[in-house]
Amino acid sequence: MSRLDTESFGDIVEAARKARSALQGDVRDLVVTRIYEVAEGICRRTVRRPTQAPPAWDTRLDDIVTSRLLGYPLMLALLGVVFWITLVAANVPSKWLGAALFSCQDRLLILFTRAGAPAWLTGITVMGAYRALAWVVSVMLPPVVIFFPCFALLEDLGYLPRVAFNLDAFFRGAGAHGKQALTMCMGFGCNAAGVVSCRIIESPRERIIAVLTNNFVPCNGRFPTLVAMSSVFFGAGLQGAAALSLLATVLLGVAVTLAVSWVLSRTTLRGVPSFFVLELPPYRKPQVVRVIIRALLDRALFVLVRAASVAAPVGALTWVLANSTLRGASLLTRLAAALEPFGRVIGLDGHVMTAFLLGLPANEIVIPVLAMAYTGAGAMVDPGGLDALRQLVTAHGWTPLTGVCLTLFSLLHYPCATTLWTIWHETRSAKWTALGALLPLTVACAACFLASSLGKLLGIAG
């Protein structure tokens with residue numbers, strides 16, 4: 001480029017900068033607004049209607065659910081109601097399932113004894129694998145079976161795109177793409193699916209931001225742990241309080257998603273948000289039976305199968321670790337002791353760190369592994385619902401501050417192995433995959449450290 005061309009180009013850039021600074025509002029919004037104004041003008045001049053029809057009902061409804069005044073409270077209220085229904089309705093079937101499955105354990109023990117099975121085989125099979133499986137099914141399946149059909153009904157109704165519309169401004173403010181709200185909604189079901197859904201974002205820079213931050217919305221694997229903590233420490237006997245606690249946890253995850261997106265868009269993934277126009281689909285009458293069946297088969301059954309396929313072998317491994325000794329102490333105890341100093345720094349303990357480490361294959365098994373680690377003998381206590389979990393953890397010195405730190409760590413820590421493999425598959429980059437694990441872990445440790453330090457400073461450590 002010659003000097004004259006360079007000066008001319010500089011003049012053009014300067015003129016564009018001045019023109020842009022003189023505009024009121026974002027230039028992309030102004031362009032889109034002008035496009036729609038021109039389209040409406042052409043429509044008015046060319047389309048003839050016999051009478052001026054009143055606004056359709058869905059237009060009036062959109063004015064409410066997407067308004068700046070009522071849209072956000074309505075969004076939070078709907079999410080809170082879904083959580084409340086989940087918490088209230090899941091408690092009873094959880095107890096029934098726990099009683100039924102642990103009664104089968106006694107029969108299995110009798111069967112193994114009559115068959116003359118060695119103690120180690122009985123321990124690995126019944127006290128390890130089966131108990132972990134029973135815990136996963138009894139504690140984690142009922143909330144999943146209730147939550148996902150409720151979420152699927154909102155999706156089938158056509159409400160979720162309105163959620164993305166409401167959140168678009170927040171993501172653009174964070175330097176990310178508005179479609180990230182849709183991938184975030186998908187992450188509520190499964191973070192691996194949320195990562196795959198990031199393909200809808202055309203910009204590579206914004207797609208990477210969405211991939212790296214999808215983990216901050218809790219997937220179905222972490223929901224049972226979050227539900228358990230909300231019920232045990234923040235809503236004992238008060239399902240409404242537990243639902244509000246869970247809602248606050250989810251909102252915190254969304255806030256962290258926006259904050260980390262903002263940081264990434266101004267550091268490693270610096271750039272200007274690309275253009276985004278969202279066409280809102282029409283409202284549909286939910287096909288309740290079909291949606292419930294599809295949600296149960298596609299999501300709840302998937303969760304159950306994955307949890308069972310992972311919980312059983314990890315339960316057996318945990319039993320082996322808990323019953324294999326080295327210098328007078330079990331391997332599980334020694335692993336927990338090695339992680340104890342780090343766990344204490346962030347308000348937890350070595351057993352919790354061990355549970356999350358062994359829970360890398362699937363977050364569903366964190367609580368069962370933790371229960372096995374606390375028993376010391378490699379056998380879980382009979383859950384019998386959340387009351388037994390409360391007794392177990394409080395007997396090991398847990399306080400509400402411990403519950404806060406575990407909630408933060410479960411919400412923000414690294415994704416499961418399936419999601420990490422999906423990140424690598426989608427990016428084909430060891431760098432982004434490693435960052436997908438280390439970034440959430442760093443955020444989780446920092447959040448727990450701050451919460452623990454603040455709690456101790458205020459004297460609420462218990």
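Q: How many salt bridges does a search of the whole structure find, and what makes a pair a salt bridge?
A: The search of the whole structure finds 7 salt bridges, a salt bridge being a side-chain nitrogen of Lys or Arg within 4 Å of a carboxyl oxygen of Asp or Glu. This is a predicted model, in which local features need pLDDT of at least 70 and side-chain atom pairs count only at pLDDT 80 or more, while totals for chains, interfaces and linings use all residues. Residues are numbered from 1 along each chain as its sequence is written, and side-chain values use heavy atoms, with hydrogens and water left out.

Q: Why are arginine 34 and glutamate 37 called a salt bridge, and how are they placed in helix H2?
A: Their side chains meet at 3.3 Å, N to O, and the pair is therefore inside the 4 Å limit. Arginine 34 and glutamate 37 are 3 residues apart in helix H2 (residues 27-46), which means a separation of about one helical turn; helices are DSSP runs (H or I, at least four residues), numbered from the N terminus. An α-helix has 3.6 residues a turn, so residues three or four places apart point the same way.

Q: What makes arginine 34 exposed or buried, and what about glutamate 37?
A: Buried means under 20% relative accessible area, exposed over 50%, and partly exposed in between, with a 1.4 Å probe and protein chains only. Arginine 34, at 51%, is therefore exposed, whereas glutamate 37, at 38%, is partly exposed.

Q: Which parts of the chain are linked by the pair of arginine 199 and glutamate 426?
A: The side chains of arginine 199 and glutamate 426 meet in a salt bridge at 2.7 Å, N to O. The pair links distant parts of the chain, with arginine 199 in the loop between H8 and H9 and glutamate 426 in helix H18, 227 residues apart. Arginine 199 has a relative accessible area of 52% and is therefore exposed, while glutamate 426, with 24%, is partly exposed.

Q: How do you know which residues of helix H18 lie on the same side?
A: The buried residues of H18 (residues 417-427) are Thr419, Leu420, Thr422, Ile423 and Thr427. They cover an arc of only 160° around the axis, so they lie on the same side of H18, the arc being that of the directions from the helix axis to the C-beta atoms. Their cover includes helix H8 (191-197), helix H9 (204-213) and helix H19 (430-457).

Q: What sets arginine 428 apart in its backbone, and why is it called exposed?
A: Arginine 428, in the loop between H18 and H19, has a positive phi of about 55° although it is not a glycine. Its relative accessibility is 52%, and arginine 428 therefore counts as exposed.

Q: Why is glutamine 180 called buried, and what does its side chain contact?
A: Glutamine 180 lies in helix H7 (residues 180-189), and its relative accessibility is 2%, so it counts as buried. Its side chain makes a polar contact with that of threonine 213 at 2.9 Å, where a polar contact is a pair of N or O atoms within 3.5 Å; within protein, one must be able to donate a hydrogen and the other to accept it, and residues adjacent in sequence count only if both atoms are side-chain atoms.

Methods. Helix = DSSP H or I, 4+ residues; strand = E, 2+ residues; numbered from the N terminus. Contact = heavy atoms within 4.5 Å.
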